[in-house]
Amino acid sequence: MRALLQKSCKTCTASSIDTYFYTIRGLAKLVGLEEVPLDHRWINDKLFERVRLQPKTTSSKNLAVAALKALRAYTQNDAVKKKIEKWGAFVSKISDKYSRVRNKQERTKREAKNWPKGGYDDIRKLAETLRKEDVVQGALKKAPARISFTELWYLGRWFVFTFYSRHALRGDLADLQIKRKGANYLYKKSGKWHVHVGDHKTAKSHGAIDIALHDDVHKALNLFLPYVRAKTTHGYLLSTKRYGNRMRRVDMMKMIRGTTQAYLGKRIGIQMLRVMKTTSHLKELDEAASLRQEMGHSASMQFKYVSRPK
(Lines give C-alpha, C1' and ligand atoms only; values in the text may rest on other atoms or scores of the structure.)
Protein backbone atom coordinates (compact mmCIF):
# COMPACT_ATOMS: atom_id res chain seq x y z
CA MET A 1 0.00 0.00 0.00
CA ARG A 2 2.83 2.38 0.79
CA ALA A 3 4.22 1.94 -2.74
CA LEU A 4 0.76 2.54 -4.22
CA LEU A 5 0.40 5.74 -2.21
CA GLN A 6 3.79 6.99 -3.36
CA LYS A 7 2.93 6.22 -6.98
CA SER A 8 -0.48 7.92 -6.83
CA CYS A 9 0.69 11.01 -4.90
CA LYS A 10 4.09 12.02 -6.26
CA THR A 11 3.86 15.47 -4.63
CA CYS A 12 3.12 14.08 -1.14
CA THR A 13 5.91 14.41 1.40
CA ALA A 14 7.39 11.30 3.00
CA SER A 15 5.82 12.23 6.34
CA SER A 16 2.41 12.58 4.68
CA ILE A 17 2.78 9.15 3.05
CA ASP A 18 3.61 7.67 6.45
CA THR A 19 0.58 9.34 8.03
CA TYR A 20 -1.76 8.14 5.27
CA PHE A 21 -0.34 4.61 5.42
CA TYR A 22 -0.82 4.19 9.17
CA THR A 23 -4.30 5.73 9.07
CA ILE A 24 -5.31 3.43 6.21
CA ARG A 25 -4.02 0.50 8.25
CA GLY A 26 -6.19 1.68 11.15
CA LEU A 27 -9.12 1.92 8.77
CA ALA A 28 -8.57 -1.69 7.68
CA LYS A 29 -8.53 -2.82 11.32
CA LEU A 30 -12.07 -1.41 11.69
CA VAL A 31 -13.24 -4.31 9.56
CA GLY A 32 -10.91 -6.89 11.11
CA LEU A 33 -8.08 -6.77 8.57
CA GLU A 34 -4.49 -6.92 9.81
CA GLU A 35 -3.05 -6.00 6.42
CA VAL A 36 -4.35 -3.50 3.89
CA PRO A 37 -5.70 -5.29 0.79
CA LEU A 38 -4.29 -4.31 -2.59
CA ASP A 39 -7.72 -3.90 -4.17
CA HIS A 40 -10.68 -1.63 -3.37
CA ARG A 41 -13.36 -4.17 -2.45
CA TRP A 42 -12.89 -3.86 1.32
CA ILE A 43 -13.82 -0.15 1.18
CA ASN A 44 -17.54 -0.83 1.04
CA ASP A 45 -20.86 0.51 2.36
CA LYS A 46 -20.40 -1.26 5.71
CA LEU A 47 -17.07 0.49 6.26
CA PHE A 48 -18.59 3.80 5.18
CA GLU A 49 -21.22 3.52 7.93
CA ARG A 50 -18.58 2.59 10.51
CA VAL A 51 -16.62 5.71 9.61
CA ARG A 52 -19.69 7.95 9.41
CA LEU A 53 -20.85 6.89 12.88
CA GLN A 54 -17.52 7.47 14.64
CA PRO A 55 -18.18 9.35 17.91
CA LYS A 56 -15.39 11.88 17.28
CA THR A 57 -15.56 14.25 14.31
CA THR A 58 -11.75 14.17 14.00
CA SER A 59 -11.71 10.36 13.84
CA SER A 60 -14.45 10.32 11.23
CA LYS A 61 -12.63 12.94 9.15
CA ASN A 62 -9.21 11.28 9.34
CA LEU A 63 -10.56 7.82 8.51
CA ALA A 64 -12.62 9.17 5.61
CA VAL A 65 -9.56 10.93 4.18
CA ALA A 66 -7.63 7.66 4.55
CA ALA A 67 -10.32 5.78 2.58
CA LEU A 68 -10.19 8.42 -0.14
CA LYS A 69 -6.39 8.25 -0.35
CA ALA A 70 -6.52 4.46 -0.58
CA LEU A 71 -9.15 4.54 -3.33
CA ARG A 72 -7.09 7.01 -5.36
CA ALA A 73 -4.08 4.70 -5.01
CA TYR A 74 -5.92 1.68 -6.46
CA THR A 75 -6.32 0.95 -10.16
CA GLN A 76 -8.96 3.33 -11.44
CA ASN A 77 -12.15 1.80 -12.89
CA ASP A 78 -15.83 2.71 -12.80
CA ALA A 79 -16.42 1.04 -9.41
CA VAL A 80 -13.48 2.85 -7.80
CA LYS A 81 -14.48 6.20 -9.32
CA LYS A 82 -18.00 5.79 -7.96
CA LYS A 83 -16.59 5.13 -4.48
CA ILE A 84 -14.26 8.13 -4.76
CA GLU A 85 -17.26 10.34 -5.53
CA LYS A 86 -19.15 9.03 -2.49
CA TRP A 87 -16.25 9.25 -0.04
CA GLY A 88 -15.13 12.60 -1.47
CA ALA A 89 -18.54 14.12 -0.79
CA PHE A 90 -18.41 12.82 2.78
CA VAL A 91 -14.88 14.19 3.33
CA SER A 92 -16.07 17.63 2.22
CA LYS A 93 -19.07 17.44 4.53
CA ILE A 94 -17.18 16.24 7.60
CA SER A 95 -14.31 18.69 6.97
CA ASP A 96 -16.79 21.58 6.92
CA LYS A 97 -18.24 20.33 10.20
CA TYR A 98 -14.76 20.09 11.73
CA SER A 99 -13.90 23.62 10.57
CA ARG A 100 -17.10 25.03 12.06
CA VAL A 101 -16.24 23.46 15.42
CA ARG A 102 -12.65 24.75 15.37
CA ASN A 103 -13.70 28.21 14.20
CA LYS A 104 -15.84 28.58 17.32
CA GLN A 105 -12.60 28.35 19.34
CA GLU A 106 -14.50 26.32 21.92
CA ARG A 107 -12.99 23.37 23.75
CA THR A 108 -14.27 20.10 22.34
CA LYS A 109 -15.56 17.31 24.58
CA ARG A 110 -12.38 15.34 23.97
CA GLU A 111 -10.21 18.35 24.81
CA ALA A 112 -12.23 19.11 27.94
CA LYS A 113 -11.85 15.50 29.09
CA ASN A 114 -8.09 15.43 28.55
CA TRP A 115 -7.12 19.02 29.36
CA PRO A 116 -4.69 19.01 32.32
CA LYS A 117 -5.44 21.34 35.21
CA GLY A 118 -2.31 23.41 34.63
CA GLY A 119 -2.69 23.52 30.86
CA TYR A 120 0.43 23.60 28.72
CA ASP A 121 2.65 24.26 31.76
CA ASP A 122 1.87 20.75 33.00
CA ILE A 123 3.87 19.36 30.06
CA ARG A 124 6.94 21.26 31.27
CA LYS A 125 6.39 19.90 34.79
CA LEU A 126 6.01 16.38 33.39
CA ALA A 127 9.32 16.72 31.53
CA GLU A 128 10.98 17.71 34.79
CA THR A 129 9.42 14.72 36.57
CA LEU A 130 10.76 12.39 33.87
CA ARG A 131 14.24 13.93 34.16
CA LYS A 132 14.33 13.23 37.91
CA GLU A 133 13.39 9.56 37.63
CA ASP A 134 15.99 7.05 38.76
CA VAL A 135 16.31 5.38 35.36
CA VAL A 136 17.15 8.71 33.67
CA GLN A 137 19.47 9.93 36.41
CA GLY A 138 21.19 6.55 36.49
CA ALA A 139 21.73 6.54 32.74
CA LEU A 140 23.15 10.07 32.76
CA LYS A 141 25.81 8.92 35.22
CA LYS A 142 27.04 6.19 32.88
CA ALA A 143 29.35 6.43 29.91
CA PRO A 144 27.19 6.79 26.76
CA ALA A 145 28.24 3.44 25.29
CA ARG A 146 27.48 1.59 28.55
CA ILE A 147 23.73 2.20 28.74
CA SER A 148 21.09 -0.23 27.44
CA PHE A 149 18.57 0.46 24.67
CA THR A 150 15.89 0.57 27.35
CA GLU A 151 17.77 3.32 29.18
CA LEU A 152 18.22 5.16 25.88
CA TRP A 153 14.44 4.98 25.36
CA TYR A 154 13.83 6.57 28.77
CA LEU A 155 16.34 9.31 27.99
CA GLY A 156 14.55 9.84 24.67
CA ARG A 157 11.17 10.04 26.38
CA TRP A 158 12.48 12.71 28.73
CA PHE A 159 13.85 14.66 25.74
CA VAL A 160 10.61 14.34 23.77
CA PHE A 161 8.60 15.91 26.58
CA THR A 162 11.24 18.58 27.14
CA PHE A 163 11.01 19.41 23.44
CA TYR A 164 7.20 19.49 23.27
CA SER A 165 7.00 21.54 26.45
CA ARG A 166 8.64 24.38 24.49
CA HIS A 167 8.03 23.67 20.80
CA ALA A 168 4.80 22.44 19.21
CA LEU A 169 5.85 20.78 15.95
CA ARG A 170 3.61 18.06 14.60
CA GLY A 171 5.14 14.58 14.75
CA ASP A 172 8.23 15.74 12.88
CA LEU A 173 10.55 15.26 15.86
CA ALA A 174 10.58 11.53 15.10
CA ASP A 175 11.90 12.25 11.59
CA LEU A 176 14.93 14.29 12.69
CA GLN A 177 18.36 13.04 11.69
CA ILE A 178 21.27 13.84 13.98
CA LYS A 179 23.49 14.91 11.08
CA ARG A 180 22.81 17.66 8.59
CA LYS A 181 21.39 15.46 5.85
CA GLY A 182 18.02 14.80 4.24
CA ALA A 183 15.09 17.17 4.71
CA ASN A 184 14.71 17.04 8.51
CA TYR A 185 17.73 17.36 10.76
CA LEU A 186 19.43 18.95 13.76
CA TYR A 187 22.28 21.40 13.30
CA LYS A 188 24.31 23.87 15.32
CA LYS A 189 24.68 27.53 14.42
CA SER A 190 26.74 29.94 16.52
CA GLY A 191 26.83 27.38 19.31
CA LYS A 192 23.04 27.02 19.37
CA TRP A 193 21.06 23.94 18.37
CA HIS A 194 18.49 24.39 15.60
CA VAL A 195 15.86 22.14 14.06
CA HIS A 196 15.29 22.20 10.29
CA VAL A 197 12.11 20.53 9.01
CA GLY A 198 11.90 20.69 5.23
CA ASP A 199 9.53 17.75 4.85
CA HIS A 200 6.30 18.43 6.73
CA LYS A 201 2.56 18.62 6.17
CA THR A 202 2.41 22.26 5.01
CA ALA A 203 5.89 22.52 3.44
CA LYS A 204 4.47 23.36 0.02
CA SER A 205 2.50 26.36 1.25
CA HIS A 206 4.69 27.55 4.14
CA GLY A 207 8.17 26.34 3.30
CA ALA A 208 10.65 24.76 5.67
CA ILE A 209 10.40 25.19 9.45
CA ASP A 210 13.69 26.31 10.98
CA ILE A 211 13.80 27.14 14.69
CA ALA A 212 16.44 27.78 17.33
CA LEU A 213 15.79 25.51 20.28
CA HIS A 214 14.69 26.91 23.63
CA ASP A 215 17.49 26.95 26.22
CA ASP A 216 15.88 24.08 28.17
CA VAL A 217 15.73 21.94 25.02
CA HIS A 218 19.25 22.97 23.98
CA LYS A 219 20.65 21.81 27.35
CA ALA A 220 18.67 18.56 27.27
CA LEU A 221 19.89 17.80 23.75
CA ASN A 222 23.52 18.35 24.77
CA LEU A 223 23.02 15.68 27.46
CA PHE A 224 20.99 13.27 25.32
CA LEU A 225 22.80 13.36 21.97
CA PRO A 226 26.10 11.70 23.06
CA TYR A 227 24.09 8.62 24.11
CA VAL A 228 22.29 8.52 20.75
CA ARG A 229 25.60 8.72 18.90
CA ALA A 230 27.23 6.04 21.04
CA LYS A 231 24.38 3.51 20.94
CA THR A 232 22.83 3.80 17.47
CA THR A 233 23.83 3.76 13.82
CA HIS A 234 20.46 4.48 12.18
CA GLY A 235 21.14 8.23 12.14
CA TYR A 236 17.89 9.42 13.75
CA LEU A 237 17.32 11.09 17.10
CA LEU A 238 14.86 8.65 18.65
CA SER A 239 15.10 4.88 19.14
CA THR A 240 12.84 2.01 20.10
CA LYS A 241 12.93 0.51 23.57
CA ARG A 242 13.90 -3.10 22.89
CA TYR A 243 16.28 -3.16 19.95
CA GLY A 244 17.32 0.47 19.52
CA ASN A 245 15.90 0.73 16.01
CA ARG A 246 14.75 4.03 14.61
CA MET A 247 11.54 5.13 16.31
CA ARG A 248 8.76 5.93 13.82
CA ARG A 249 6.43 8.84 14.42
CA VAL A 250 3.49 6.53 15.08
CA ASP A 251 5.47 4.95 17.94
CA MET A 252 6.50 8.35 19.30
CA MET A 253 2.86 9.43 19.32
CA LYS A 254 1.86 6.26 21.19
CA MET A 255 4.60 6.96 23.71
CA ILE A 256 3.35 10.52 24.25
CA ARG A 257 -0.26 9.45 24.74
CA GLY A 258 0.70 6.55 27.01
CA THR A 259 2.99 8.70 29.15
CA THR A 260 0.47 11.52 29.63
CA GLN A 261 -2.16 8.93 30.53
CA ALA A 262 0.15 7.31 33.10
CA TYR A 263 1.44 10.51 34.71
CA LEU A 264 -1.35 13.06 34.22
CA GLY A 265 -4.38 10.81 33.86
CA LYS A 266 -4.99 12.54 30.50
CA ARG A 267 -4.54 11.08 27.04
CA ILE A 268 -2.80 13.91 25.19
CA GLY A 269 -1.60 13.66 21.59
CA ILE A 270 0.40 15.93 19.29
CA GLN A 271 -2.61 17.86 17.99
CA MET A 272 -3.78 18.63 21.50
CA LEU A 273 -0.27 19.71 22.52
CA ARG A 274 -0.39 22.20 19.64
CA VAL A 275 -3.81 23.45 20.77
CA MET A 276 -2.55 23.74 24.36
CA LYS A 277 0.48 25.80 23.36
CA THR A 278 -1.60 28.11 21.17
CA THR A 279 -4.13 28.51 23.99
CA SER A 280 -1.31 29.44 26.39
CA HIS A 281 -0.77 32.51 24.17
CA LEU A 282 -4.48 33.33 23.98
CA LYS A 283 -4.19 36.82 25.53
CA GLU A 284 -1.48 37.88 23.07
CA LEU A 285 -3.43 36.39 20.13
CA ASP A 286 -6.61 38.24 21.15
CA GLU A 287 -4.68 41.51 21.46
CA ALA A 288 -3.08 41.01 18.04
CA ALA A 289 -6.47 40.19 16.47
CA SER A 290 -8.03 43.29 18.07
CA LEU A 291 -5.22 45.46 16.71
CA ARG A 292 -5.62 44.02 13.20
CA GLN A 293 -9.34 44.71 13.29
CA GLU A 294 -8.77 48.28 14.47
CA MET A 295 -6.24 48.98 11.71
CA GLY A 296 -7.99 46.99 8.99
CA HIS A 297 -4.95 44.77 8.39
CA SER A 298 -4.34 41.16 7.51
CA ALA A 299 -1.85 39.22 9.65
CA SER A 300 0.90 39.68 7.03
CA MET A 301 0.17 43.38 6.57
CA GLN A 302 0.31 43.90 10.34
CA PHE A 303 3.99 42.96 10.39
CA LYS A 304 4.77 45.62 7.77
CA TYR A 305 3.71 48.25 10.32
CA VAL A 306 6.27 47.10 12.90
CA SER A 307 9.40 49.21 13.47
CA ARG A 308 12.08 47.26 15.28
CA PRO A 309 15.09 49.13 16.72
CA LYS A 310 18.40 48.24 15.09
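Visitor: What should I know before I start?

Guide: The model is predicted, so local features need pLDDT of at least 70 and side-chain atom pairs count only at pLDDT 80 or more, while totals for chains, interfaces and linings use all residues. Residues are numbered from 1 along each chain as its sequence is written, and side-chain values use heavy atoms, without hydrogens and water.

Visitor: How far apart are the end C-alpha atoms of helix H11?

Guide: Start with the term. Helices (H or I, at least four residues) and strands (E, at least two) are DSSP runs, numbered from the N terminus. The expected span of a helix is 1.5 Å times one less than its number of residues. H11 has 17 residues, 215-231, so it should span 24 Å. Its end C-alpha atoms are 25 Å apart, which agrees.

Visitor: Where does H11 bend?

Guide: A bend is the angle between axes fitted to the seven residues ending at a residue and the seven starting there. H11 bends by about 30° at Phe224. Pro226 follows within four residues.

Visitor: Which elements do the buried residues of H11 pack against?

Guide: Buried means under 20% relative accessible area, exposed over 50%, partly exposed in between (1.4 Å probe, protein chains only). The buried residues of H11 include Val217, Leu221 and Phe224. Contact means heavy atoms within 4.5 Å. The partners are helices H8 (134-140) and H9 (149-164), plus strands S1 (184-189) and S2 (192-197).

Visitor: How many salt bridges are there?

Guide: Side chains of opposite charge can pair when their charged atoms come close. The rule asks for a side-chain nitrogen of Lys or Arg within 4 Å of a carboxyl oxygen of Asp or Glu. The count is 15. Take Glu49 and Arg52, at 2.7 Å, N to O. They are three residues apart in helix H3 (residues 45-52), so about one helical turn separates them.

Visitor: What about Glu151 and Lys142?

Guide: They form a salt bridge at 2.8 Å. Glu151 is buried at 14%, whereas Lys142 is partly exposed at 36%.
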